[in-house]
Amino acid sequence: MKLLRLFLILAFISVALTAFAAQSEVKKAKTVDELAAMYDVSSCKQCHAKIFEEWEKSIHSRSLIGSGRTVGGVQGAIKNWMSFKHSGVKEAKDVTVSHWTTTCFKCHLPQIEDATDEVAAQIAEAYMKNDRATLAKININCLVCHNKMAVTHQWRDGKPEKDTVYGTKDGTHMDKIYKNRKKSATMTASVMCGQCHQGPLIDRPATTQCSTLFGSYLNAYLPNGGDKTCQECHMKEVDGHAMFSFRDRNYGDPDMVKRALAVEVDAKKGYKAIELPKLPPSAKVVVKITNNAGHRIPDG
Amino acid sequence: MTAKTKDGKEAFKSEKIYMLHAGDSRNEGDQMVYGPANKLGFLEENTFQPLQTKVETYDIKFPDNTKNLDVNVELRFQYGPEVGTIGKDSYVLYKTTKAISIK
């Protein structure tokens, strides 16, 4: 009888612990569509239509496709993994979340952390098939910057809260899911952008050099007297949430190009060498190129 | 940059690529590589630095019996090693032609 009672108590505790663990475990997306739904931002558009329209033009809205070269770069990375005997990848379906978070998706899709390895494999297969329709379903959208990546100092400020959008103000937020609004300490600071626009990534089993912008900003722009944030140049002064680089902004507009690179050409009149008359006359052309941006050009 | 005579003959040409020239850091020669998964060693850094002016000077000799040259300067942003299609993956940021004459 005592044994039976002990068994029933242990069984009850076991069931209770299992139920608790199941509740505590964060549900991860099992398909690309589930991940897209988890990060659905269609409700943002209703109130923030202009910002949403700006964002739709940005390269963030197609972060897995990018300029087109992104697809080639990632395909090349997957092929590399297949050739590396220690990567654990023989085919695209062997790619896991860990492969992605170690490399490309640390920046191109940080929300991959909220997905299972099945999703990681689906995306890898989409890359190898050049399936851009699938790749277009997930991207760097409102919730990535205004929730997932919004809190940079988490030991001090805590992790991003699930029902909160982060911006420049505290208060309530008219959304069914994201009902609260909180001020992010770094939303308007360059470090916000630097979370992704930095590199190279060399402290991991697969090194990746994609962007080195933030390093250039810190170690060249600021010491040379620069005092603007990324957001000031790329959002406040032009284009808002389109966040264009001036390279993308308007190639045909010389004034916009000058905001990044200003060129002066001085062609001095030709002269004849008097002292050495056998030398042909020559001219001197001086080209001055000034970088007005907050980082090296080009980068990557 | 090119300098041409009035009848279109090329008297001078110079082309320079400004970028972070990367190798693969595995000391397997000095070959430049492309692709974020490959490049890590830095072979040469000649990008345009923020708030800095890069000055390039060209000394152009006039060919015999030539008194006039047209100097064409073009600064182009280009994806990838190939020249590419203008307006698609190759973009002209600045272009000018200067005439130089001697008496």
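**Chain B and its interface with chain A**

Of the 103 residues in chain B, 16% are buried. This description refers to a predicted model. The secondary structure of chain B consists of 7 strands and 0 helices, so that the order of elements from the N terminus reads β-β-β-β-β-β-β. The radius of gyration of chain B is 18 Å, whereas the globule rule gives 13 Å for 103 residues; the chain is therefore more spread out than a compact globule. Along the principal axes, the C-alpha atoms of chain B occupy a box of roughly 55 × 30 × 30 Å. Among contacts in chain B between residues at least 6 apart in sequence, those joining residues at least 24 apart account for 40%.

Chain A is divided into three parts: domain 1 (27-143), domain 2 (151-186) and domain 3 (190-270 + 283-300). The centres of domain 1 and domain 2 of chain A, taken over C-alpha atoms, are separated by 24 Å.

At the interface, 47 residues of chain A are in contact with 37 residues of chain B. On the chain A side, two or more residues each are contributed by helix H5 (69-83), helix H13 (213-221), strand S4 (261-271) and strand S5 (282-291). The greatest contribution to this side comes from S5(A), with 10 residues. By residue class, the side of chain A that touches chain B comprises 23 nonpolar, 17 polar and 7 charged residues.

S5(A) also pairs with a strand of chain B, namely S5 (residues 53-61), in the antiparallel sense over 9 bridges. Within S5(B), B:Thr57 stands opposite A:Val286.

Key:
Residues are numbered from 1 along each chain as its sequence is written. Chains are lettered from A and ligands numbered from 1 in the order in which they are written. This is a predicted model: local features need pLDDT of at least 70, side-chain atom pairs count only at pLDDT 80 or more; totals for chains, interfaces and linings use all residues. Two residues are in contact if their C-beta atoms, placed from the backbone, lie within 7 Å. Helices (H or I, at least four residues) and strands (E, at least two) are DSSP runs, numbered from the N terminus. Ala, Val, Leu, Ile, Met, Phe, Trp, Tyr, Cys and Pro count as nonpolar, Asp, Glu, Lys and Arg as charged, and the others, Gly among them, as polar. Two strands pair if DSSP finds at least two bridges between them. Domain bounds come from an automatic or database domain assignment. The radius of gyration is taken over C-alpha atoms; the globule rule is 2.2 Å times the number of residues to the power 0.38. A residue is buried if 20 or more other C-beta atoms lie within 10 Å of its own, exposed if 12 or fewer, and partly exposed in between; C-beta atoms are placed from the backbone.
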